[in-house]
Every structure is written in structure tokens, then in C-alpha cells.
Amino acid sequence: MTVSLSFDPIRLPPECEALRTEVRAFLAEEIAAGTFDPHHPGQGDSYNRAFSRRVGAKGWIGMTWPKQYGGRERSQLERYVVTEEFRVANAPANLHFVADRQSGPILLKYAPEHVKIDILPRICRGDLCFAIGMSEPGSGSDLFAAKTKATKIDGGWRINGSKIWTTGAQIADYMLALFRTSPPTKENRRHGLTQFLVDMKTPGIAVNPIYQMTGKPGFNEVVFADAFVPDDHVLGEIDGAWKQATSELAYERSGPERFLDTFYVLPELIRALGPEPDLRGAEGLGRLVAQLHTLRRMSVSVAGMLQAGKEPVVEGSIVKDLGTVWEQKLPGRVRDLAAFLKPERVNHTALGDQLAFAAVIAPKLTIQGGTTEILRGIIARGLGLR
Amino acid sequence: MPGERDHIVAETAARILADFADPLTINKAKDDAWKEPLWQALSNAGLPLAWLPDALGGSGVSLAEGFAILGVAGRFALPAPLAETLAAAWLLTRARLEAPPGPMTLAPCRPHDRITLSADGRLSGRATGVPFAQDCRHIAVLADGSKHKVIALADIKDCRLSEGRNLAGDAANVVTFERVTPRRTAPAPDGFDESSLMLMGSAIRSVETAGALEAILSLSVAYANERVAFERPIGKFQAVQQNLARLAGEVAAALAVSGSAADAIAQADTFDEAVFLEAASAKIRTAEAAAEGSAIAHQVLGAIGFTQEHVLHRFTLRMLSWRDDFGNESYWAAELGRHVARRGAGEFWPLVASR
């Protein structure tokens with residue numbers, strides 16, 4: 001068998017560049033108004049409702065969705081530009097980003113019409129924050145070992161159990177969660193899970209914060225004790241969530257957020273190296289630039305394939321694998337290259353602060369949204385090895 | 001973006017190479033008897049002079065189509081000067097010079113080599129690592145004239161060649177010009193210099209490397225699915241799967257960045273900043289992929305992949321050698337780093353985002 005990977009050299013069309021100008025102007029205004037500081041990631045609240053509403057007002061949340069649900073019917077490539085400019089500026093987009101990237105598209109595909117009409121326009125306005133309820137105390141990467149149970153009762157389902165490592169649950173309005181509706185079968189261990197839309201204000205749901213090694217909250221444990229979810233909040237096929245999971249992965253895995261999470265250390269390194277870097281600095285910087293350019297060209301190519309209606313699952317997984325490993329190593333590379341710079345040359349506060357922040361968040365980058373090992377398993381499957 | 005015609009030209013190349021330059025067959029060949037019919041078939045299809053316009057005696061295919069041919073050549077680890085002839089013809093075309101039939105090579109192929117053309121029309125200087133020079137009759141040269149850059153066509157027999165081979169055993173000679181009278185010369189276009197030639201050469205080697213990486217991925221996956229150890233095909237072991245997934249990542253990176261560089265050159269009028277970023281990045285990243293990817297493929301194939309008999313070395317050793325042509329990854333990284341540093345921090349993201 002010949003393995004075939006496809007990465008056509010997609011170029012962003014002219015409308016993307018007009019949009020980019022508009023996005024940069026908007027972010028510059030927000031920075032000038034003190035909404036956030038682009039040079040200090042991790043400072044200030046990354047969940048900013050007022051900011052998300054202003055982003056929504058610009059039409060940049062759910063921007064690829066149909067107009068009847070509040071979207072703007074713009075292209076995946078236009079969304080790509082908005083995402084990358086927000087990420088590079090360290091804009092506080094956490095409140096709307098999960099809904100924009102993955103919860104909204106899942107609802108579009110599987111939610112009943114009246115639920116779509118109710119919820120999607122509110123996502124587009126920047127009013128709603130979504131969390132993802134996948135991991136459980138006994139099931140992280142092994143998604144299909146989930147035990148939290150949904151029991152059929154009159155008019156809906158009764159939920160008991162708990163989710164863990166749930167990012168943003170402390171502020172989320174809704175969660176898209178996987179619950180067990182039947183036991184797995186002998187033939188198919190992935191059988192028996194169903195995807196649900198859960199209103200986080202439902203009685204019987206408790207959110208307990210779990211502090212991260214950054215010293216900040218972020219993770220949560222979400223406990224369900226006889227929480228009721230109505231029938232019309234079932235998404236897709238009962239017991240068949242496993243069939244729905246894979247096609248979303250290319251969206252979730254190939255975006256610019258998968259290699260730009262520590263980008264901020266690179267401009268700061270360039271600042272520290274100055275206009276005439278020594279050979280070590282120049283060579284080290286050049287390699288990082290080439291690697292970044294490559295990742296971005298891969299990622300844009302996958303966005304182009306998604307726009308063309310393809311499902312590049314393997315290519316998307318490769319982008320996330322290479323991208324997250326790279327962004328995880330980037331702070332260390334920058335630290336090495338800055339090691340011998342003359343002290344008076346370096347804005348130690350800025351570079352030092354950024355490297356400290358990046359070093360502490362780096363371990364999570366190859367874990368969240370599918371670990372390196374899981375991704376490589378998916379890639380191996382795509383290669384015909386399993 | 002690859003169009004329909006790219007595919008037709010590339011398919012023609014693939015058919016010819018499968019018939020006349022199958023790596024397994026060449027690997028077993030006792031002599032060079034395969035070379036003549038191969039070149040004949042390539043010439044009959046108009047592939048070596050693909051980048052020479054019809055008016056100059058070539059077949060005048062687009063840059064994109066030509067790069068597609070080179071991707072195929074990489075997939076076959078072609079041990080013949082097809083890429084070099086394409087590149088030489090492309091260089092001659094910059095000055096509207098006609099190209100002779102037969103295999104050609106070009107000089108310089110290393111960033112710091114310089115050749116001069118004297119006022120009385122003689123070429124002097126030294127070019128190192130010139131691929132296939134001893135197998136070619138002609139060489140296209142970019143030289144410093146008294147006022148501007150000049151492109152020339154010279155006979156190899158008029159130059160002094162030192163014996164040399166790259167890692168894969170292909171000829172790679174030091175070519176010394178000692179007051180050589182070229183067959184013809186013409187001024188290079190304004191702004192075209194050694195750096196432009198190095199960028200074109202880098203894009204060419206990047207595309208070939210990506211092709212070779214595709215081949216070793218297919219070969220390694222097939223081997224892992226067949227080879228049984230510990231009562232299972234080794235491809236069923238997670239450790240092997242993870243390695244092959246990493247190899248796929250390197251292949252993907254090489255394909256994406258080389259395809260992007262080829263597209264950038266195909267779309268550009270001059271060797272501007274965009275082409276510099278794209279082609280330099282392609283050379284850097286594909287060279288890294290060649291090193292990483294070769295190591296993984298050899299690890300998967302174990303002892304059999306380290307034998308003369310197996311074809312794996314035909315791909316891995318060529319890729320590793322190609323890293324040194326037209327500026328190695330360290331050279332381009334330093335160039336790119338200096339460029340980015342000169343532009344300053346604020347201009348960095350706009351540069352990346354412009355591609």
C-alpha cells in the first residue's frame with residue numbers, strides 16, 4: 001500500500017487579508033483601551049465576557065455558520081485568520097473559543113432545530129461559554145471507558161457520576177458531555193456512549209475547582225447527582241457517540257492554536273537578539289522561523305481542505321502532533337539562545353516573565369485535546385498499521 | 001496548486017522511471033547499462049528540458065509541472081542528473097540562452113563559490129560539490145562579469161574536474177574553470193544573483209527530498225506490516241507505530257513546506273523576500289526531516305535496511321547528501337535569522353502571516 005499524505009499549498013484569498021487588517025485594528029484598540037496586555041500572557045482574566053461580546057458584535061464568533069443561526073457564512077480560511085491573529089496577540093478569547101471551535105459545529109450537526117435556534121445565536125453574540133465533558137476519574141485518554149451514567153426516565157435522562165479536568169466548567173453555561181447510556185458490547189467497546197448538551201445551571205450539578213501547577217484554577221471536577229437532562233438535549237445517535245467523534249477531530253486538532261500557544265517568546269527573543277545577532281542567535285532563530293513557517297503552511301493547508309469539504313483526519317492529527325511538540329519545546333530553545341546575551345541588551349523582565357510562564361504551561365500542551373500518544377495512534381491507524 | 005497538467009507530466013515521469021529507473025533494478029545492476037535507455041526515454045518525453053521554453057528548444061512546461069517531475073524523481077531516488085538538467089536549463093532561460101541536448105549540470109552549487117567572467121570572455125573560479133559533473137557534457141554557469149552577473153554555457157571537457165562522490169555514490173565534483181571559453185554567454189536579469197540560484201536549487205532539493213521521504217514512509221509501513229517478530233507483524237507494536245507516526249509527521253512537514261516553496265517560486269516574478277522565506281525554510285525543514293526521517297526508517301527496517309541489497313539506502317543517503325547542495329540548513333538558518341532580526345520583532349508575525 002502506498003501511503004498518501006496531502007498538503008496542497010493553499011494561499012489565503014484576498015478577502016482574508018482585508019479581514020486581517022480589520023482584526024488587527026480591533027485588537028490594537030482593545031490593547032490601547034487596556035483590555036489585555038499582549039506581552040504578558042497569563043496576566044488578567046482569559047475569560048472576559050465583555051470582550052467576547054465585542055468580538056461577537058464584530059461577527060467573528062461562529063462566523064462560518066449559517067446566517068439563520070447567527071453565523072456569517074464566511075469561510076474556514078477567514079475564521080483561520082481571526083483565530084491566528086487573536087492567538088498571536090494573546091487576546092482573552094477563552095470564553096467563546098471552545099464553543100466557536102467545536103461545540104457549535106457539533107450542535108449544528110446533531111442538535112434539534114429549536115435547540116439550534118435557541119443556542120447558536122447566543123454563542124455568536126459571545127454570550128455563552130462551553131466546556132467539554134470527556135475525561136473522568138477513571139477515563140482520560142481512554143475516552144470509551146467513561147462511566148458517568150445517563151439513565152432513561154420520563155421526558156429525559158438522569159445523570160450520575162463525575163467528569164474531571166474540565167477546563168472552564170467554573171464559568172461555562174453549557175457542557176457537551178459523553179455519558180454512558182448502555183454497557184459496551186463484546187464486539188464494540190466503544191458502543192454505549194451518547195453525547196448530551198448539558199445546561200450547567202441544572203440542579204444536581206456541582207463544580208469543584210482543581211488548581212493547576214501554575215497556581216491558578218482552570219481544571220474542575222464536575223459532579224452529577226441526579227441531574228436531569230431533557231430528551232431534546234441528546235445529540236445524535238443514542239449509544240453511538242463514537243461514530244460522531246472522529247469527524248470533528250480535524251477541526252479541533254489542526255488550528256493555529258495548536259502551535260502558537262507559546263509564540264510570544266519568539267518576538268521577545270528577536271527583540272533581545274537585536275538587529276545584528278551573533279551567529280548562534282541567528283542560526284537558532286532561523287531554524288525556529290523555518291519550523292514555524294512550515295507548521296503554519298501545514299495548518300493553512302488543512303483549513304483549505306476543511307473548507308473544500310474534506311475530512312483530513314490524519315493530516316489534522318499530524319499538525320497537532322508536530323505543532324504541540326514544537327510549541328512545547330520553543331520556550332526551552334529561546335532560553336538556550338538567550339543564555340549568553342549581554343544583560344544590558346535583554347529586557348529581562350519581559351523575556352524572563354514570558355519564559356517563566358511558558359515553562360510552566362508547556363507540559364499541558366501535548367496533553368490537552370488528545371495526547372501525543374493518542375494522536376500518533378490515530379496517525380498509525382491512518383497509515384494502515386492498526 | 002497542482003493542476004491537471006501537473007498530474008499528466010508527473011504521471012509520465014513516474015511511468016518512465018518505473019520502467020527505466022526502478023530502484024530495486026538499479027540496485028542490482030552490475031553496470032551502467034540502464035543509464036542510456038533511461039535518458040533516452042526521459043528525453044523523448046521532453047522531461048530534462050521541461051523548463052526550457054519551446055522557442056529555445058525545450059518543452060516549455062510550467063514551473064509547477066517541473067516541480068511535480070522533481071517530486072517523482074525524489075520518490076525514485078533517481079541517480080541521474082534530471083534535476084540538474086532541469087535547473088541548468090532554467091538558469092540558461094534566465095538569459096534566453098539555448099540549451100544543448102544531453103544531461104547538464106550547473107555551477108555554483110554552494111553559496112560561497114564564485115566564478116568570474118573576464119573582459120576577454122574567459123571563465124575562472126572553482127565550484128565545489130557540483131552534482132553529476134563528470135556524467136554531463138555541459139554546464140550552465142552563473143558568473144560575475146565585469147559590470148553585472150552573466151549566465152554562460154560551457155563544455156565540461158574544458159574544465160578541470162576532481163573525482164568525488166556524495167554519500168549515495170553519485171558523482172559530485174569540484175569543477176575548476178581556468179580561463180575557460182564558454183560556448184555562449186548573456187547577461188543575467190537585473191537582481192538575479194548567486195542567492196537567487198541557491199534559492200531555486202534549495203527549492204528543487206526540498207521537493208526531491210519530500211518525494212524521497214514519501215517513498216521511505218511507504219516502504220517502512222509496508223515492511224512493518226510484513227515483518228513478523230515476537231509472533232506479530234512489528235507494525236502492531238506501539239513503539240514501532242509511534243516511530244512511524246513521527247516519520248509521517250516529518251514527511252508531512254517536508255511535503256507542505258517544499259510544496260509551498262515550489263508554489264511561491266511558480267507564482268513569483270522575482271526572487272523577493274517571500275521566495276527567500278519560503279525556499280530557505282523549505283531547505284532548512286526538509287533537511288531536518290531528511291535526518292530525522294532517515295533515522296526512523298533505518299530503525300524500523302533494522303539490519304536488512306543497512307544492507308547493500310536493500311533499496312532503503314538509495315533514498316536515505318541521497319536525502320542526506322542533498323542537504324549540502326545549494327546551502328545547507330545551517331547556512332540558510334543563519335541567513336533567515338539575520339533577515340528576521342534585521343526586520344525587528346514587530347515585523348516578524350506580519351512576515352510569517354504574509355505567506
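Colleague: What radius of gyration does chain A have, and what would a compact globule with 386 residues have?

Modeller: Chain A has 21 Å, which agrees with the value near 21 Å for a compact globule of 386 residues; the radius is taken over C-alpha atoms, and the globule rule is 2.2 Å times the number of residues to the power 0.38. This is a predicted model, in which local features need pLDDT of at least 70 and side-chain atom pairs count only at pLDDT 80 or more, while totals for chains, interfaces and linings use all residues. Residues are numbered from 1 along each chain as its sequence is written, chains are lettered from A in the order in which they are written, and side-chain values use heavy atoms, with hydrogens and water left out.

Colleague: How many helices and strands are in chain A?

Modeller: Chain A holds eleven helices and eight strands, where helices (H or I, at least four residues) and strands (E, at least two) are DSSP runs numbered from the N terminus.

Colleague: And what share of chain A is buried?

Modeller: Of the 386 residues in chain A, 57% are buried, with buried meaning under 20% relative accessible area, exposed over 50%, and partly exposed in between (1.4 Å probe, protein chains only).

Colleague: Switching to the interface, how many residues of chain A are in contact with chain B?

Modeller: On the chain A side 50 residues are in contact with 51 residues of chain B, contact meaning heavy atoms within 4.5 Å. The two chains bury about 4,400 Å² between them, 66% of it on carbon and sulfur atoms; buried area is the accessible area (1.4 Å probe) that two parts lose on being put together, summed over both.

Colleague: Which residues of chain A lose the most area there?

Modeller: Those are R11(A), H293(A) and L385(A), which together give 16% of what the chain A side buries against chain B.

Colleague: What does F20(B) touch?

Modeller: Leaving aside residues up to four places away in sequence, F20(B) touches W34(B), P37(B), L38(B) and A41(B). F20(B) is found in helix α1 (residues 4-20) of chain B, and F20(B) is partly exposed, with a relative accessible area of 33%.

Colleague: Now the backbone: where is the cis peptide bond at P108(B) placed, and what is its omega?

Modeller: The bond from A107(B) to P108(B) is cis, with omega near -5 degrees, and P108(B) is found in the loop between β1 (104-107) and β2 (115-117) of chain B.

Colleague: What about phi of A77(B), and is that residue buried or exposed?

Modeller: Phi of A77(B) is near 45 degrees, a positive value in a residue other than glycine, and A77(B) counts as buried at 1% relative accessibility. Most residues other than glycine have a negative phi.
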